[in-house]
Amino acid sequence: MPRSCVPAALGLSLLLVGCATTPAPIITDDHAPLMPSTLFPGGAEAFTAWQCLPDQGLVTAALEDELRLWSAHGAWRLAPAVVASGERYEMGELSFWQKEEGAIVESPRGRLECQANMQRLALTREQRPGVMFYARGNEPGWTASLAHDQPTVHLSLDYGSREQTLPYRVTQMDNETGRVILASGRGDTPFELRIEAQACFDDMSGEPFPARVTLNVDGEQYRGCGQGIAP
């Protein structure tokens with residue numbers, strides 16, 4: 001993600017906004033597409049959920065050379081900064097300063113005071129062989145697994161009572177905002193899968209994820225969270 005994308009804040013809550021981009025053209029190929037890097041942990045072992053005041057949830061993933069940060073409005077990559085205590089990361093006028101279990105997030109028009117409340121180990125290819133992106137949701141339980149080598153998705157719906165593997169085509173791919181929209185590659189089995197790089201929390205466990213996912217299939221809409229899985 002270009003570091004020239006400078007986040008801003010609205011009112012008292014931090015509103016991180018991405019740069020305007022031109023969506024990529026429709027993609028049809030025999031190979032799985034490259035997904036935006038903001039959907040992945042980037043080599044981090046875990047995601048951390050933060051509860052902030054004013055009321056807002058954030059997700060982070062810490063690497064040696066950067067901090068990946070997700071809010072309800074997008075994703076950013078912050079570089080380490082010199083600080084006397086704790087760990088501080090910056091991108092433009094956005095900063096994330098962590099001290100033990102707390103953190104202060106600041107931008108030109110707002111400040112958040114946050115507390116870490118949960119961690120989740122990032123999914124790996126060992127746990128999900130052959131899967132490039134994995135999503136799940138609840139009530140009813142469902143999962144979507146994108147294959148790493150070809151444009152197919154395995155859908156498990158209604159607690160596993162309905163399963164099918166279908167081809168897909170990419171109708172939108174915006175690498176800067178981390179937005180991907182997939183549609184069915186078969187006319188007799190339509191579906192749409194929307195993936196957006198935003199802080200997401202499992203609505204039963206509260207576990208943090210870097211992507212919000214919406215699946216529309218068979219006249220039903222399923223919502224949940226997801227994560228890219230690097231090889």
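A residue is called buried here if its relative accessible area is under 20%, exposed if over 50%, and partly exposed in between (1.4 Å probe, protein chains only). The structure is a predicted model, in which local features need pLDDT of at least 70 and side-chain atom pairs count only at pLDDT 80 or more, while totals for chains, interfaces and linings use all residues. Residues are numbered from 1 along each chain as its sequence is written, and side-chain values use heavy atoms, with hydrogens and water left out.

Of the 231 residues of the chain, 47% count as buried. Helices (H or I, at least four residues) and strands (E, at least two) were taken as DSSP runs and numbered from the N terminus; the chain has zero helices and 18 strands. With contact defined as heavy atoms within 4.5 Å, residues 24 or more positions apart account for 49% of the contacts in the chain with a separation of 6 or more.

The strands were examined for pairing, which requires that DSSP find at least two bridges between two strands. Strand 1 and strand 8 run antiparallel and are joined by eight bridges, with Phe-47 having Arg-120 in strand 8 as its bridge partner. Strand 7 (residues 102-107) is likewise antiparallel to strand 8, through six bridges, and a hairpin of two residues connects strand 7 to strand 8. The bridge partner of Ala-103 in strand 8 is Cys-114, and Cys-52 also stands opposite Cys-114.

A closed barrel of eight strands, again with antiparallel pairing, runs 9-10-11-12-13-14-17-18. In this sheet, neighbouring strands are turned by 30 degrees against each other on average, direction ignored. Strand 9 pairs with strand 18 (residues 220-228) in the antiparallel sense over five bridges, and Arg-136 stands opposite Cys-225 in strand 18.

Nonpolar cores were defined as sets of buried Ala, Val, Leu, Ile, Met, Phe, Trp, Tyr and Cys residues joined through side-chain atoms within 4.5 Å. The largest nonpolar core has 37 residues, of which Met-35, Leu-39, Phe-133, Leu-146, Tyr-168, Ile-195 and Leu-215 touch the most other members. Among the strands that each supply at least two residues of this core are strand 2 (56-62), strand 9 (131-137), strand 12 (162-174) and strand 17 (211-217). A second, separate core of 15 residues includes Trp-50, Leu-67, Leu-78 and Ala-103. Beyond its neighbours within four places in sequence, Leu-39 is in contact with residues including Phe-133, Val-180, Ile-195, Pro-210 and Gln-227.

Two disulfides, defined as pairs of cysteine sulfur atoms within 2.5 Å, were found in a search of the whole structure. One joins Cys-52 to Cys-114, with an S to S distance of 2.1 Å. The torsion about this S-S bond is about 105 degrees, so the disulfide of Cys-52 and Cys-114 is right-handed. Because Cys-52 lies in strand 1 (residues 46-53) and Cys-114 in strand 8 (residues 110-121), the pair ties together parts that are 62 residues apart in sequence. Both Cys-52 and Cys-114 are buried.

Cys-200 and Cys-225 form a disulfide with their sulfur atoms 2.0 Å apart. The link of Cys-200 and Cys-225 is left-handed, with -75 degrees about the S-S bond. Cys-200 belongs to strand 15 (residues 200-201) and Cys-225 to strand 18, so this pair ties together parts that are 25 residues apart in sequence. Cys-200 is buried, at a relative accessible area of 8%, and Cys-225 counts as buried at 3% relative accessibility.

Thr-214 is found in strand 17. Thr-214 has a relative accessible area of 14% and is therefore buried. Its side chain makes a polar contact with the side chain of Arg-223 at 3.5 Å. A polar contact is a pair of N or O atoms within 3.5 Å; within protein, one must be able to donate a hydrogen and the other to accept it, and residues adjacent in sequence count only if both atoms are side-chain atoms. Leaving aside neighbours within four places in sequence, Thr-214 is in contact with Glu-192, Leu-193, Arg-194, Gln-221, Tyr-222 and Arg-223.

Methods: Axes are lines fitted to C-alpha atoms, for helices over the stretch in contact, and angles run from 0 to 180 degrees between N-to-C directions.
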